[in-house]
Amino acid sequence: MILIKNAKLYSPEFLGMKDILLGKDRILAIDDKIDIKIKTLETIDACGEIVHPGFIDPHVHVIGGGGEDGMLSRVPPLNEKKVAEAGVTTLVGLLGTDGYTRTVRDLVAKIKGFKEWGLSAYCLTGSYQVPSITLTGSVGDDIVWIDEIIGVKVAVADHRCSFPTTDELLRLASEARLASLMSHKAGLVHIHVGADSLGIEQLFEIHRKSPIPIKHFFPTHMEGHMDQAKAWLEMGGHIDLTCHSDTDDKAIELLSRYPDSVTLSTDSNGSFPKWSADKTYIVGMGAGSIKELNEYIQRIIDKGFDRACAYKAVTENAAKALNLKSKGQVKEDYDADLVIRDGNNIRYVISKGNILLKEGVAKNSMYEDI
């Protein structure tokens, strides 16, 4: 059991100064003052600093992305310590462009390893390609039978994608929906939206002609399609924005207008290729970093954006979009996923009651020297 004292609590809404009692993997109690004496109790004094829910990153290339510029351009996998150091307690892993040398089997194994270390981790079947690559042979079976898989990844409006037809996307969504009903999972169709002006036009068509609930569609990289993002949000959908230094103002605009339906993600360990004008060769390469989530939140807060609303985008909103019903809030009987700060620095990270980062130092990973 862990007792956190003197916490300036954002749940993510601001609740004032509170004490928080954790037992095993749950939040047992929140009150102005909690005083108990138990031999096994560990007490942490938050010293009047901010405590908020652990961040949720819904778009992470945990086994690495890339490969557009040959095998050397494959991005390395993500180390679990980097996740905790960023204040992230829950993530969703996925594949990207490369569905040839990276597999759903490898992805699930990595996610299981993150869980063994103490994180909450989920993943998506599929990649850029259609038909979707899977572990079991079908998207529906992957969602129903593999605990960690909560949906499927696909790409549109990108010169690297398979350019699925609207009917193909509709069939994919119907399969994910049926599997979600069988498994009590989100059944997401998580859509990489490329830079082409087509954007998510196919999703609007699907929404017009089919009864599939809009909650099953979760488009990301929507900072490049602001008009479509607003229209999708007006219809009751969720959209995800990728954390880049040049998208702060776009996030502030959308979060101010749609505070309940916008999420943020890092695209961590995915490649950021810079293409020639005709898309025939790469002129530069970068990669996403999980630490950008915390830095991005701090930047928009420093620009004057409401702190509670900023935290909500990467906690409560993400939990709702992913159908993770016991996450995203500091609330009794919710998962014990919390971050304790020291100013802008992350002091403690607690995931499902496990202390993954203490006084700024993450617990050891299996292979420290590699």
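Mentor: Before we start, helices here are DSSP runs of H or I with at least four residues, strands are runs of E with at least two, and both are numbered from the N terminus. The model is predicted: local features need pLDDT of at least 70 and side-chain atom pairs pLDDT 80 or more, while totals for chains, interfaces and linings use all residues. Residues are numbered from 1 along each chain as its sequence is written, and side-chain values use heavy atoms, with hydrogens and water left out.

Trainee: Okay. Where is P12?

Mentor: P12 sits in the loop between β1 (2–10) and β2 (14–23).

Trainee: Since you bring up β8, what is the strand order in the open sheet?

Mentor: The order is β6-β7-β8-β9-β10-β11, six strands with parallel pairing. Two strands count as paired if DSSP finds at least two bridges between them.

Trainee: Which ones are the edge strands?

Mentor: β6 (55–60) and β11 (217–220), each of which pairs on one side only. From one strand to the next, the twist averages 25°. For such angles, axes are lines fitted to C-alpha atoms, for helices over the stretch in contact, and the values run from 0 to 180 degrees between N-to-C directions.

Trainee: How many bridges between β10 and β11?

Mentor: Four, in the parallel sense, with β10 covering residues 188–193. Within that pair, H192 stands opposite T220 of β11.

Trainee: What holds paired strands together in general?

Mentor: Strands of a sheet pair through backbone hydrogen bonds, either parallel or antiparallel.

Trainee: Which strands does α2 touch?

Mentor: Helix α2 (residues 104–117) packs on the sheet and touches β7 (88–93), β8 (120–126) and β9 (149–156). Contact means heavy atoms within 4.5 Å. The direction of α2 makes about 175° with that of β8.

Trainee: New topic. What is phi of H184?

Mentor: Near 60°, which is positive in a residue other than glycine. H184 lies in the loop between α4 (166–183) and β10.

Trainee: Buried or exposed? I mean H184.

Mentor: H184 is exposed, at a relative accessible area of 72%. The cut-offs are under 20% for buried, over 50% for exposed and partly exposed in between, using a 1.4 Å probe and protein chains only.

Trainee: And where does E359 lie?

Mentor: In the loop between β18 (354–358) and β19 (361–362). E359 is not a glycine, yet its phi is positive, about 50°. At 48% relative accessibility, E359 counts as partly exposed.
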